[in-house]
Each structure stands twice: as structure tokens, then as C-alpha cells.
Amino acid sequence: MQDIRLAIFDWDGTLMDSVGRIVACVQGAARDCELAVPAPAQIRQIIGLSLDVAMSRLFPLNSGCGCGCDCGCGSAFDERQIAVLIDRYRHHYLHDATPSPLFSGAGELLHDWRSRGLQLAVATGKSRSGLDRVLDETGLRPLFVTSRGADEARSKPDPLMLEQILNELGLSTRQAVMIGDSVHDMAMAEAIAMPRIGVTWGVDSRDALSRHGPVAVVDSMTALRALL
């Protein structure tokens with residue numbers, strides 16, 4: 001991978017061990033809204049998607065008012081419920097005590113690659129405000145040349161956020177690599193023929209990641225660090 005000039009990272013489940021916290025917060029939002037609480041395995045499948053898409057997939061909300069008209073009230077009701085779920089999720093994320101540290105070796109890997117001249121970026125299902133918060137909390141913001149949150153593009157696996165990053169930096173798809181723990185990350189990069197590396201310490205298995213043709217699937221930060 002000698003031509004790679006940019007490494008684009010997913011955040012949750014790739015750099016930060018936040019899957020448990022996300023699961024707890026989604027379940028808390030469901031309880032607040034008196035909805036059936038999804039199992040952890042269900043929630044893991046939507047991690048990496050934007051919150052509106054994730055909540056819509058997890059919760060079978062009302063599809064109409066039953067009036068038989070074309071008033072659109074059913075759709076509006078759905079959007080309102082989704083907005084409430086997202087608000088409760090964000091409330092729990094700010095106050096939940098579930099630890100969400102960086103994965104061991106993540107900081108060292110980022111500092112090493114940056115010191116050797118590799119540019120770094122983030123493409124995440126987090127909102128801009130959520131991403132800014134964790135970048136500041138971890139002290140990693142100076143290492144990244146750019147980033148995109150889910151509310152600045154379209155939800156994964158749509159490749160728009162990757163295309164935005166490449167356009168901003170003037171790079172081609174072959175000069176960048178996407179690194180992530182979910183099939184959404186792999187599918188996003190696959191859609192524009194960008195090289196991709198799967199990591200197995202997040203939400204999806206080696207087999208699931210491998211279905212999207214990554215150049216490698218790694219089981220440790222040490223193995224990942226050795227690739228570039």
C-alpha cells in the first residue's frame with residue numbers, strides 16, 4: 001500500500017471502545033419512549049449509521065393515522081417520534097457512565113502514522129457536535145486534517161462523506177484507505193473502489209467484513225500499524 005497518502009478512520013468501534021455505551025444509550029432512549037427495548041445484537045447492527053437511519057431501522061414506528069387520507073400525518077408522526085428518540089439518546093450519551101476509552105494502541109498508532117507524513121481523517125456516523133466533543137476529550141483533534149459527521153453528508157454506506165474528504169484534499173480514491181469495524185464502513189469504501197481495511201475488535205466479524213473485499217482484516221492495532 002505504498003501509494004496511500006490518507007488514512008480515513010471510522011470512530012466508534014474502530015478508534016474508541018464505545019459500543020457498550022451506544023447500546024446502553026439506545027436502550028435507555030427506548031425505555032424513555034416506552035418502546036420495546038432492542039437486544040444488544042440488534043443495536044450493534046446499526047452502529048455506524050446516522051442516528052435518524054439507525055432509529056428508523058430499530059423501531060417500528062406508526063405508519064399512519066388510520067384516517068385513509070393523503071394528509072401525510074402518519075409520516076409527520078414518524079419524524080416526530082424519531083426526533084424524540086434521538087434527543088433521548090443524546091441525553092443518555094452525555095450522562096451515561098459506561099466507559100468509552102480509546103482502544104489500546106490507538107493513540108500511538110495515530111501519532112506514529114502522522115509523524116511519518118500520513119494524513120489522517122475521520123468519517124463517522126456521529127453528528128458533528130458528537131465528533132467534536134470526542135475529538136476534544138481525547139486530545140486527538142490536531143492529528144486529523146479533516147473529518148465528516150453523519151449530519152454533514154448522507155448516512156453510511158452512501159460514500160458521499162468519503163467523496164467530500166477526497167475532494168477537499170485533492171486526492172484520488174487510490175491514494176486513501178478506509179479503516180473501520182463495520183460492514184457499513186466497508187460497503188461505503190467499496191462503492192467508490194477505495195481500498196479498505198477491516199478491524200475485528202468492533203461490531204462485525206471477520207467473515208462479514210471480508211465479504212466487501214478489503215485489502216486486509218486485522219485483529220490488533222499492532223497488525224494494523226504494520227500495514228502502512
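Is L227 buried, partly exposed or exposed? L227 is partly exposed, with a relative accessible area of 31%; in these terms, buried means under 20% relative accessible area, exposed means over 50%, and partly exposed lies in between, with a 1.4 Å probe and protein chains only.

Before I continue, a word on the basis of this talk. This is a predicted model, in which local features need pLDDT of at least 70 and side-chain atom pairs count only at pLDDT 80 or more, while totals for chains, interfaces and linings use all residues. Residues are numbered from 1 along each chain as its sequence is written, and side-chain values use heavy atoms, with hydrogens and water left out.

L227 lies in the segment after α10 (221–225). Helices (H or I, at least four residues) and strands (E, at least two) are DSSP runs, numbered from the N terminus. Together with M1 and V215, L227 forms a nonpolar patch on the surface, and the accessible area of the three comes to about 240 Å². Patches take residues with over 30% relative accessible area and no salt bridge, joining nonpolar side chains (Val, Leu, Ile, Met, Phe, Trp, Tyr) within 5 Å and like charges within 9 Å. The areas come from the Shrake-Rupley method with a 1.4 Å probe, and for residues only the protein chains shown count as cover.

I turn now to the interior. A nonpolar core is a set of buried Ala, Val, Leu, Ile, Met, Phe, Trp, Tyr and Cys residues joined through side-chain atoms within 4.5 Å. The largest such core has 29 residues, of which F9, W11, W113, F144 and L224 touch the most other members. At least two residues of this core come from each of β1 (6–9), α5 (106–115), β2 (119–123), α6 (128–138), β4 (176–180), β5 (196–199) and α10. The largest share, 4 residues, is supplied by α5. There is also a second, separate core of 21 residues, with L49, A54, Y93 and V203 included.

Contact here means heavy atoms within 4.5 Å. Setting aside neighbours within four places in sequence, W113 is in contact with A7, F9, L118, L120, I179, L224, R225 and L228. After α5 comes G117, with a positive phi near 95 degrees.

F144, another of the residues that touch the most other core members, sits in the loop between α6 and β3 (146–148). F144 counts as buried, at 11% relative accessibility. Beyond four places in sequence, its contacts are F9, W11, L15, L110, L120, A121, V122 and L135.

Next, the aromatic pairs, of which the structure holds 4. Rings of Phe, Tyr and Trp (its six-membered ring) pair if their centres lie within 6.5 Å; planes under 30 degrees apart count as stacked, over 60 as edge-to-face and the rest as tilted. Y89 and Y93 form a tilted pair, 5.9 Å centre to centre with 35 degrees between the planes. Because they are 4 residues apart in helix α4 (residues 73–95), Y89 and Y93 are separated by about one helical turn. Both Y89 and Y93 are buried. F103 and W201 have ring centres 6.2 Å apart and planes at 55 degrees, so this pair is tilted. F103 lies in the loop between α4 and α5 and W201 in the loop between β5 and α9 (206–210), so the pair ties together parts that are 98 residues apart in sequence.

Finally, charge. Side chains of opposite charge can pair when their charged atoms come close. With a salt bridge taken as a side-chain nitrogen of Lys or Arg within 4 Å of a carboxyl oxygen of Asp or Glu, the count comes to 13. D32 and R88 meet in a salt bridge at 3.0 Å, N to O. D32 lies in helix α1 (residues 19–32) and R88 in helix α4, so the pair ties together parts 56 residues apart in sequence. D32 is partly exposed, at 37% relative accessible area, and R88 is partly exposed at 25%.

Which residues are linked in a network of salt bridges? They are R128, D132, D136, R141 and E152. Within it, E152 bridges to R128, with the closest N and O atoms 3.0 Å apart.

D185 and K156 form a salt bridge with closest N and O atoms 2.6 Å apart. D185 is in helix α8 (residues 183–190) and K156 in the loop between β3 and α7 (160–169). Both D185 and K156 are buried.
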